[in-house]
Amino acid sequence: MDLGIRGKKAIVCAASKGLGKGCAQALAGEGVDLTICARGEEALNATAKELAATGANVTPVVCDVTTEAGRKALLAACPNPDILINNAGGPPPGDFKAFSLDDWRRAVEGNMITPIALIHSTIYGMIERGYGRIVNITSASIKQPIAALELSNGARLGLTGAVAVLARKASRSNVTINGILPGPFDTDRLRGTSQKMAEARNVPLSVIDAERKAAVPAGRFGTAEEFGKVVAFLCSAHAGYITGQNVLIDGGGYPGAL
Ligand code: NAP
């Protein structure tokens with residue numbers, strides 16, 4: 001299927017690795033011009049080179065998207081995107097008792113205020129031009145809170161509620177906002193948490209991997225490639241009637257044990 005977005009311009013945040021990179025790859029495959037960002041220059045340039053080798057126009061912007069200066073640099077490189085993929089690293093795990101107010105402020109700034117700021121800067125241009133697709137990468141925790149990730153649960157639900165009305169209003173102008181809610185995906189982030197669990201229990205990584213995969217009805221982790229392709233569809237010309245949705249992509253994990 002031709003997604004009908006060749007020549008459109010996209011900002012993909014936090015895209016040197018993992019889910020963001022999967023989105024950038026899928027959009028590049030559809031002929032979309034990309035502006036991608038991450039904090040680490042080396043990995044970002046390597047990803048930009050990889051994408052450019054497929055024939056895509058790619059502008060890498062080294063920045064921390066959770067800062068105002070970072071977002072300014074990103075928008076200077078692509079002031080009028082047709083597609084915006086909001087993404088950033090997730091807040092750290094921990095326990096409510098130990099979190100300071102500054103921990104909460106950082107989580108809200110990174111995973112709620114940052115996407116809101118980018119949406120505010122870009123959506124009115126999209127509405128004027130009559131085309132826009134915004135996808136917020138959040139988490140399966142929107143449907144079911146994750147025990148150790150209270151900071152993430154809170155900030156991501158805040159974002160989801162904040163854009164729910166705007167998603168409906170903007171759809172009259174062929175501009176959509178949707179959340180995509182990943183369960184476990186095989187990325188550096190997941191591999192890092194599995195490694196920590198293996199060390200804490202003094203068992204090989206393969207034991208943790210097998211346990212975590214067994215907890216997913218599909219019996220495996222998701223891949224960044226398949227994640228990216230679902231996001232690309234939500235950005236497609238065919239998806240103008242899908243808005244304000246929170247799309248689980250979790251191998252059947254919700255609503256828990258059957
Ligand atoms: P990942 O493999 O660790 O990749 C994270 C990417 O984001 C890297 O390119 C990283 O590059 C970039 N990044 C992180 N913080 C950034 C910042 N402040 N500014 C700009 N770029 C930034 O992580 P992932 O698994 O793709 O996760 C992406 C998001 O999905 C996270 O919010 C995560 O919590 C959420 N999520 C993931 C899963 C999963 O199973 N993987 C499940 C649910 C939710 P630099 O470090 O160089 O900046």
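User: What should I know about the model and numbering?

Analyst: The model is predicted: local features need pLDDT of at least 70, side-chain atom pairs count only at pLDDT 80 or more, and totals for chains, interfaces and linings use all residues. Residues are numbered from 1 along each chain as its sequence is written, and side-chain values use heavy atoms, with hydrogens and water left out.

User: Which residues have the most contacts inside the largest nonpolar core?

Analyst: Leu27, Leu34, Ile36, Ile85 and Phe227, in a core of 33 residues. A nonpolar core is a set of buried Ala, Val, Leu, Ile, Met, Phe, Trp, Tyr and Cys residues joined through side-chain atoms within 4.5 Å. Buried means under 20% relative accessible area (1.4 Å probe, protein chains only).

User: Where does the largest share of this core come from?

Analyst: From α1, with six residues. Helices are DSSP runs of H or I, at least four residues, and strands are runs of E, at least two, numbered from the N terminus.

User: Switching topic. Why is β5 largely enclosed?

Analyst: Six of the six residues of β5 (132-137) are buried, so the rest of the structure largely encloses this strand.

User: How does β5 pair with β4 and what about β6?

Analyst: β4 (83-86) and β5 pair in the parallel sense over four bridges; pairing takes at least two DSSP bridges. β5 and β6 (175-182) are also parallel, over six bridges. Ile134 stands opposite Ile177 in β6.

Notes: Buried means under 20% relative accessible area, exposed over 50%, partly exposed in between (1.4 Å probe, protein chains only).
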